[in-house]
Amino acid sequence: MQEDLLPRHPPVQLIDADGVVVQDDDYALPDSDTLLRAYRGLVEGRRINDQAGALVRQGRLAVYPSSHGQEACQIGAALALGEGDWLFPTYRDSVAVIARGVPADEAMVLLKGDWHSGYDAHLRRVAPQATPLATQLLHAVGFAYAAKRRGDDTVVLALCGDGATSEGDFHEAMNFAAVFQVPVVFFVQNNEFAISVPLSRQTHAPSLAHKAIGYGMPGQRVDGNDVAAVLAVLGEAVARARAGDGPSLVEAHTYRMQAHTNADDDTRYRERAEVQEWLARDPLRRLRAHLVAEGLLDDAVEEEYAAGAERIAEDLRSALNADADLDPEDLFRFVRTERSSQLDEQWRLLRGELSRTPAAPTAGGAR
Amino acid sequence: MTLMHDDPRTASRAEEATPPAVETMTMAAALNRALADAIAADPDVVVFGEDVGALGGVFRITDGLAARFGEDRCFDTPLAESGIVGTAVGMAMNGMRPVVEMQFDAFALPAFEQVVSHVAKLRNRTRGGIRMPLVIRIPVGGGIGGVEHHCDSSEAYYAHTPGLTVVTPSTPQDAYSMLRAAIASPDPVVFLEPKKLYWSKGEVDTSVVADLGSARIARDGTDVTVLTYGASVAVALEAAEIAAGEGRSVQVVDVRSLSPFDDATVTAAVRATGRAVVLAEAPGYASVAAEIQARVSERCFEHLEAPVRRVTGFDVPFAPPKFERWYLPDADRLLDAIDTLHWDEDERSAR
């Protein structure tokens, strides 16, 4: 019984690094349509990552924490959820956010600096991307608690990285979720680094998924560069939550192929050989090899996917190359439902300054 | 957005739950009554925290709620304050109105990141798309002989954080009405309950609807205005009574709302008397008292007969129980401060 809560070793893998299917007694390979859909997502995700990186270099984005190399986790997370389910992402999960239906330019508003979040969370069923580590896991638990209480069949998928598992909120979220048996799935993308600090400095546990048993919930490990396995394992965890069988923890083994952000220099803390090693386990390469071998992917389909990805990149470029019409009054508009007299006074001060500065945007005119 | 509620409907439904009545009760009972009426009035209101279920809270504020309304409406959580506030954030995002209890002021600190980074900012972060109708109740202050970590005054931390409404009642009536208004608010409220006043008694009219951003004239007076809040209101009233015996008319303003601040009422009061002292038991450095002193000085300068003074706790960690009497500002310390407000010149000019 308690052994059922422990993760498998090695992590679940359904398609190996060379694209060869691995037979598994517990998890079935997703059907061809799902794999094609996932592949298309991977192609688009990779393109978004690379385009966003370029936009940082061009000064159009302030910063971009890339999920290059982790696209199987991003797309697997997005596709594992049903229409009414919710995603609670972090700053490194822009690709998953976009794959859930948030327009790419809205997803980049935070990183462009036009506001702190750019999409309608309720419309997209995607919480704002969380910057403080592990804090969003508790929000996911509370959200799932409310859904359960109301009798919705909503499942909440909460994302975090390996570094976040050291935070107190990670522990509190796991514990609350298990005690109240809420429909939430915790998905840890273990990409081996928290900025510069390796996993060995985050934990002495046999794996991050082993932590689940301490809360009385199942933990599972999955090859995070195998989107088929990510889909199968997350799919089971989501189904379990939806059936009312409670939360679970999934740890994906993946690798952050690029530096933490453009402001980081990863040559200071890791060897190039290690990065090269992970190149061979690339999530796109292996799924492509599998699909080609199975006759599911030909040049025409591949070109179609590439063209679709290029359109997203183009849209992103044109959206980010345009300067947004910013209204300085927005600073005061959303702090509370009713604006306080203090904020009224402060807005009057700023408006007065702007009215004396000819080049400045007209106060209140830009919405 | 069907999940959002921005109208104070809990207040309007109070009559349905409990007929309006005026009763004399303690502040603790008034808070309990407010929670019960809010739970009865709105199915989205839930009360949770540590020991709030069967025990009824360490101060018994949630006494009987779990038994009366069920585990679904008032329940115990794991002992983890960040977990309590963090899950409340998620519940509020999903249409509920959580009212959470922190057991003591210092024990609310593990939740500080959730409060500052999310409770206060989510509405602004999402341009109003996500609202945070949640209440964080925190017993605050000293005067109860509590040991270390049980008597802190943490209001400055919250009042300094944009996006939070921070209020503190000093009467059973305000305890009831302000808690109902806090629960009905579409925005997050940090509700600071002065422990020392939990057992103070007063009349409560449950039909009174509070305006959360407003100050209250607790005692009329013409010579000097004392600006204060929480447990210190009682100290100011005691001092005003003594001063009256000495022929000095002391006005007492209970500012009640630490953020947003009722500049209009406070400014008008101080301009009328021409003298002001701010009284609070928190350490004075970078405090709410310092903020009030600065605001009043800026806004009333031309009307002032003397500098605005403040009487606060010392800048030391809260005193051990047997040192409390030296630490806490009392009526004497306040009267001494009032005595320094350039009365002689007044008397000279009168001659």
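I began with the domains of chain B. Chain B is divided into domain 1 (11-205) and domain 2 (216-350). I note that this is a predicted model.

Next I looked up how far apart the two domains sit. The centres of domain 1 of chain B and domain 2 of chain B, taken over C-alpha atoms, are separated by 28 Å. I then turned to their contact. Domain 1 of chain B gives 25 residues to it, and domain 2 of chain B gives 19 residues.

**Between the chains**

I moved on to where the chains meet. Here 31 residues of chain A are in contact with 38 residues of chain B. Four helices of chain A each supply at least two residues of the side that touches chain B: H6 (121-124), H7 (135-150), H8 (168-180) and H14 (341-355). Which helix gives the largest share of this side of chain A? I found H7(A), with 10 residues. By kind, the side of chain A that touches chain B holds 15 nonpolar, 12 polar and four charged residues.

**The sheet of chain A**

I looked up the sheet next. Five strands of chain A form an open sheet, in the order E1-E2-E3-E7-E6, with parallel pairing. Strand E1 (86-88) and strand E6 (219-223) of chain A are the edges, each pairing on one side only. On average, neighbouring strands of this sheet are turned by 20 degrees against each other, direction ignored.

E1(A) runs parallel to strand E2 (residues 156-161) of chain A, and three bridges join the two. A:Phe88 stands opposite A:Ala158 in E2(A).

I met H7(A) again here. H7(A) lies across E1, E2 and strand E3 (184-190) of chain A. H7(A) runs at about 170 degrees to E2(A).

**Chain A as a whole**

I counted 14 helices and seven strands in chain A. The C-alpha atoms of chain A fill a box of roughly 70 × 50 × 40 Å along the principal axes. I checked the radius of gyration: a compact globule of 367 residues would have one near 21 Å, and chain A agrees with 22 Å. Of the 367 residues of chain A, 49% count as buried. Last, I looked at contacts in chain A between residues at least 6 apart in sequence: 77% of them join residues at least 24 apart.

How values were computed:
Residues numbered from 1 in each chain as written. Chains lettered and ligands numbered in written order. Predicted model: local features only at pLDDT ≥ 70, side-chain atom pairs only at ≥ 80, totals over all residues. Contact = placed C-beta atoms within 7 Å. Nonpolar A, V, L, I, M, F, W, Y, C, P; charged D, E, K, R; others polar. Pairing = 2+ DSSP bridges. Axes fitted to C-alpha atoms, helices over the stretch in contact; angles between N-to-C directions. Domains from an automatic or database assignment. Rg over C-alpha atoms; globule rule 2.2 N^0.38 Å. Buried ≥ 20, exposed ≤ 12 C-beta atoms within 10 Å, placed from the backbone.
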